[in-house]
Amino acid sequence: MTTTAPPVPTKRMPLTAFPSPKELARAKRARDRQSRTKRGMLLGLLAWIVGLLFVSPVLWMLLTSLHSETNAATNPPSLFAPLTLDAYANFFGANSGASPWPALINSAMASVFSTAIVLALALPAAYALSIRPIKKWSDVMFFFLSTKMLPVVAGLLPIYLIARATGLLDSVLLLIILYTSMNLPIAVWMMRSFLSEIPVEILEAASIDGANLFTIFRRVIIPISGPGIASTALICFIFSWNELLFASVLTSTQAITAPVFLTGFVTSQGLFLAKVCAAAIAVSFPVLVAGFAAQDKLVQGLSLGAVK
Amino acid sequence: MTTAVQAPPRATVGRPAPRKDSKALERAAGWARRAPLLPALIFIVLVTQLPFVVTIIISFINWNSLYPNDVYFGWLSNYVNVFTDASMRNSVFTTIILTVVVVVVSAVLGLLIALLLDRRFFGRGFVRTILIAPFLIVPVAAALLWKHALFNPEYGLFNGVLTWFFGLFGATAPQPDWISDNPLVAVEAALIWQWTPFMMLILLAGLQSRPLDVIEAARVDGASTWQVFRYMTLPHLRRYIELAALLGSIYIVQNFDAVFTITSGGLGTANLPYTIYQQFFQAHDYGAASAAGVVVVIGSIAIATFALRTVSTLLKEENR
């Protein structure tokens with residue numbers, strides 16, 4: 001590179017016996033760059049080690065779930081034991097025990113329906129808070145956020161009493177209502193942040209062309225904010241799927257969800273480690289899929305749209 | 001008949017409104033603006049605020065569901081119970097310690113990892129992806145994993161690794177009973193593992209929003225890496241750190257899954273949500289549970305005030 005490019009300093013070289021300050025600086029920069037790349041590689045290696053360290057419990061869980069019960073419970077661990085799907089077959093009810101399917105289906109219903117309702121409520125609300133904002137829109141935003149800071153446990157008893165009085169106890173419908181209220185503030189905040197990214201000109205142009213609200217939603221807002229809306233939905237789904245406290249207090253047999261099923265699962269005294277790991281993986285699977293799918297917008301969602 | 005019904009609105013829309021109606025029209029326009037918001041707002045008020053009002057009312061009533069005939073207005077007796085009952089008081093301290101330790105440790109770890117991930121290296125995207133994984137394990141599943149697959153004194157991974165490692169030197173390995181020896185630390189470790197990715201994601205986004213030209217300029221002027229970090233990166237990150245810590249606190253104050261699963265609230269790990277759950281589920285003391293709930297809310301409001309302020313500065317910045 002130095003031979004092909006004849007910059008000004010090299011021409012001046014023969015005139016002075018000493019390397020010019022510019023050259024000294026360049027040499028120092030080159031040396032710095034070399035040491036920096038070396039340090040960079042070490043730090044890259046460190047990042048890999050930390051990453052693998054953090055994911056190792058998950059990998060261990062996966063490996064254990066693929067071992068037989070006797071191989072799963074050895075000390076020191078038997079890493080290279082033969083792999084088997086027995087634990088999964090066992091979890092899904094091949095041998096005795098309750099089938100997890102009703103719980104998984106309840107969880108899926110509660111999560112999917114509550115997410116659908118959240119979107120249906122949050123999208124218009126976000127429209128009224130960003131595109132055609134009402135007067136005190138930021139007050140309303142903070143009201144939504146403050147409900148999220150109210151600990152869930154504080155409202156548990158009245159909800160229980162009301163549910164018992166209305167016969168909603170132990171029903172998926174009750175969970176759908178509660179999960180909707182749990183995720184609605186998050187969704188409103190996320191959606192507002194996505195909708196406010198839409199250029200105003202496009203919306204004005206659409207309304208000048210005579211598009212009504214519904215058309216604007218269908219033809220402008222949803223296509224542009226589609227990825228944001230999708231990741232909002234995925235995050236709401238994750239939070240609903242994970243929820244334990246409401247589900248464990250308000251359901252007993254009919255509407256039991258997957259996390260509740262997991263807590264009631266470890267009662268046997270025999271060897272159960274592989275089965276527990278298989279169960280944990282199976283129940284976490286939808287969340288892992290949804291989370292990795294929403295990865296790009298995960299930060300914006302988790303910080304309620306405050307961080308891009 | 002249909003024409004008669006349809007005609008009037010058309011006429012009013014076309015013509016400028018008479019002065020008498022202008023206020024009414026304005027009001028109607030205001031409601032038209034508000035209309036899309038109302039379903040969400042009404043829903044959230046009904047489902048989240050109403051129960052809490054009921055909680056406040058019940059917190060003044062002496063009410064144990066095992067004695068349904070003995071329900072009477074008890075003034076502040078439930079609150080006195082909350083603050084004099086040793087287990088309640090302990091759970092307040094446990095909640096504070098648990099929250100502070102988990103938030104601080106995971107924020108520091110998250111910052112260090114975010115700094116590592118902020119530089120370019122081979123497989124950076126992959127490392128970032130696998131680092132998110134702990135956050136995407138269902139909390140109950142993660143708690144079960146830590147309790148049975150890692151902490152278990154007989155066949156958990158930790159003691160397994162100890163056996164294997166000491167076996168290399170032909171020594172007998174110590175086999176601590178992790179949960180019984182340090183129950184609160186065990187719960188904290190599991191939570192830190194889950195929440196570090198959350199902190200890391202927010203802080204990494206903060207790092208990547210730094211104005212790179214300014215930092216480049218500082219480097220050219222001879223600022224060292226430490227100086228750049230201390231005087232440029234850290235001040236820029238401050239609000240992100242606050243945001244991450246406060247959002248984390250909101251979730252961890254309310255943590256129930258890890259305490260419920262790993263120790264079942266035993267061995268001094270019962271935090272307020274767990275204690276309230278227990279009061280209500282096992283002791284059937286509705287009044288005391290409600291009073292404790294109100295105390296939790298007041299505590300959260302303290303955190304929430306700070307959180308709202310932080311978020312509002314970010315929101316203002318975005319609109320500038």
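Start by selecting chain B: of its 320 residues, 39% count as buried, where buried means 20 or more other C-beta atoms within 10 Å of the residue's own, with C-beta atoms placed from the backbone. The model is predicted, so local features need pLDDT of at least 70 and side-chain atom pairs count only at pLDDT 80 or more, while totals for chains, interfaces and linings use all residues. Residues are numbered from 1 along each chain as its sequence is written, and chains are lettered from A in the order in which they are written.

Colour chain B by secondary structure. It has 15 helices and two strands; these are DSSP runs, with helices (H or I) of at least four residues and strands (E) of at least two, numbered from the N terminus. Two residues are in contact if their C-beta atoms, placed from the backbone, lie within 7 Å. Among contacts in chain B between residues at least 6 apart in sequence, 72% join residues at least 24 apart.

Next, pick A186(B), in helix α10 (residues 183-208) of chain B. A186(B) counts as buried because it has 23 C-beta neighbours inside 10 Å. Leaving out residues up to four places away in sequence, A186(B) touches F151(B), W178(B), I179(B) and I262(B).

Now move to I202(B). Neighbours within four places in sequence aside, its contacts in chain A are V299(A), L302(A), S303(A) and V307(A), and those in chain B are Y240(B), L243(B) and A244(B). Together with A122(A) and A190(B), I202(B) touches the most other members of the largest nonpolar core, which has 170 residues. Such a core is a set of buried Ala, Val, Leu, Ile, Met, Phe, Trp, Tyr and Cys residues joined through C-beta atoms within 7 Å. Select helix α8 (residues 172-195) of chain A to see the element that gives the most to this core, 17 residues.

Show both chains for the interface. Here 80 residues of chain A are in contact with 84 residues of chain B. On the chain A side, helix α2 (residues 21-65) gives the most, with 15 residues. By class, that side has 62 nonpolar, 16 polar and two charged residues. Ala, Val, Leu, Ile, Met, Phe, Trp, Tyr, Cys and Pro count as nonpolar, Asp, Glu, Lys and Arg as charged, and the others, Gly among them, as polar.

Conventions:
A residue is buried if 20 or more other C-beta atoms lie within 10 Å of its own, exposed if 12 or fewer, and partly exposed in between; C-beta atoms are placed from the backbone.
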